[in-house]
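Good morning, colleagues. I would ask you to keep the sequence and the structure in view while I speak.

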Amino acid sequence: MAYVRIRALQQRSHKAKGGHLNRYRAPIITIDGPAGAGKSSSARALAERIGLGYLDSGALYRAVAWKMRDRKIDLACQADVEAACAGLQVTWSEAGVCVDGALASERLRDPEVTFASAVVAAYPGVRRVLIGTQREMAWRGVVAEGRDIGTVVFPDADVKFYLDAAPEVRAARRAKEMHRTDTDTLLREIMARDDRDRHRTVAPLLPAADAIVIDSTPLTLSDVIDRMMAEIGERGLLDRIR
Ligand code: CDP
């Protein structure tokens, strides 16, 4: 009896949030988590496997950071960064991020741009501009990854994953991916960025209340995808992909 009442309340709140419409649109699948947890590889592989588009929201923050550096804007000056960002045209396609019509993919993963991305990402005016870019993709359905993608950008996503792993494992994966041998330095950089992302006041990195947390420390990419596919299948989301 109590269960029936709780279920009815849950359904009512789901409808109030637009849940009744969710059944008719293409699925939105979100993957949040810290650096090196495997968000990008799993999001890309999952999107390809189920035939949805892929969105790397971190690339948007990196592109803004790169543009600010290119224009020699003082990153420490929030007002200047926000004003410059408001005038930017930032778009996403499968080819990558475009800023004012030009593909901005070459330097985005350089350490200076990586550091700068976490600085600009803490500014509300930057986040406001980029949220619009991210939500434009929703109507087609998407596998989207990023720090706040399930908590802020797509709070009504059909399934949310939070991918984590031990810091040492994340640093080792990143070192391999970037062909770097200074794993200890990389670990310090990752921990400092995680700390900044977790403790900022706007859209901090944290799992959504309804996220499925996957600890990828002992898992291969294919294990992670299997876990995700099981959850997606259970929710009947594959039937909603055209
Ligand atoms: O690949 P990795 O997880 O190392 O970083 P990323 O996803 O490319 O994001 C770079 C930085 O952008 C992060 O450290 C965050 O500060 C910021 N970011 C964010 O604030 N919100 C997002 N949805 C994505 C990235």
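This is a predicted model: local features need pLDDT of at least 70, side-chain atom pairs count only at pLDDT 80 or more; totals for chains, interfaces and linings use all residues.

**Overall build, core and selected residues**

Of the 242 residues in the protein, 49% are buried.

Let me begin with the overall architecture. The protein contains eleven helices and eight strands. Its radius of gyration is 18 Å, close to the 18 Å given by the globule rule for 242 residues, so the protein is as compact as a globular protein of that length. Along the principal axes, the C-alpha atoms fill a box of roughly 60 × 40 × 35 Å. If we consider contacts between residues at least 6 apart in sequence, 76% of them join residues at least 24 apart.

I turn next to the surface and the charges. The accessible surface comes to about 12400 Å², and carbon and sulfur atoms account for 55% of it.

Now to the interior. In soluble globular proteins, nonpolar side chains tend to be buried together. Here the largest nonpolar core has 60 residues, and those with the most contacts inside it include Ile29, Leu46, Val64, Met68, Val126, Val143 and Phe154. Helix α4, residues 57-70, gives the most to this core, with seven residues. Which residues does valine 126 contact, leaving aside its neighbours within four places in sequence? They are Tyr61, Val64, Val81, Glu82, Cys85 and Val120.

A second residue I wish to show you is tyrosine 162, in strand β7, residues 159-164. Is tyrosine 162 buried or exposed? Its relative accessibility is 5%, under the 20% limit, and therefore tyrosine 162 counts as buried. Beyond its neighbours within four places in sequence, tyrosine 162 has contacts that include Asp32, Gly33, Pro34, Arg198 and Leu205. Aspartate 215 is 53 residues from tyrosine 162 in sequence, yet their C-alpha atoms are 8.4 Å apart in space.

Finally, a word on the backbone. Most residues other than glycine have a negative phi. Lysine 72, although not a glycine, has a positive phi of about 60°. Lysine 72 lies in the loop between α4 and α5, and at 74% relative accessibility it counts as exposed. Aspartate 100, likewise not a glycine, has a positive phi of about 50°. Aspartate 100 sits in the loop between β4 and β5, and it is partly exposed, with a relative accessible area of 41%.

Methods: Residues are numbered from 1 along each chain as its sequence is written. Side-chain values use heavy atoms; hydrogens and water are left out. Helices (H or I, at least four residues) and strands (E, at least two) are DSSP runs, numbered from the N terminus. The radius of gyration is taken over C-alpha atoms; the globule rule is 2.2 Å times the number of residues to the power 0.38. Buried means under 20% relative accessible area, exposed over 50%, partly exposed in between (1.4 Å probe, protein chains only). Contact means heavy atoms within 4.5 Å. Accessible areas come from the Shrake-Rupley method with a 1.4 Å probe; for residues, only the protein chains shown count as cover. A nonpolar core is a set of buried Ala, Val, Leu, Ile, Met, Phe, Trp, Tyr and Cys residues joined through side-chain atoms within 4.5 Å.
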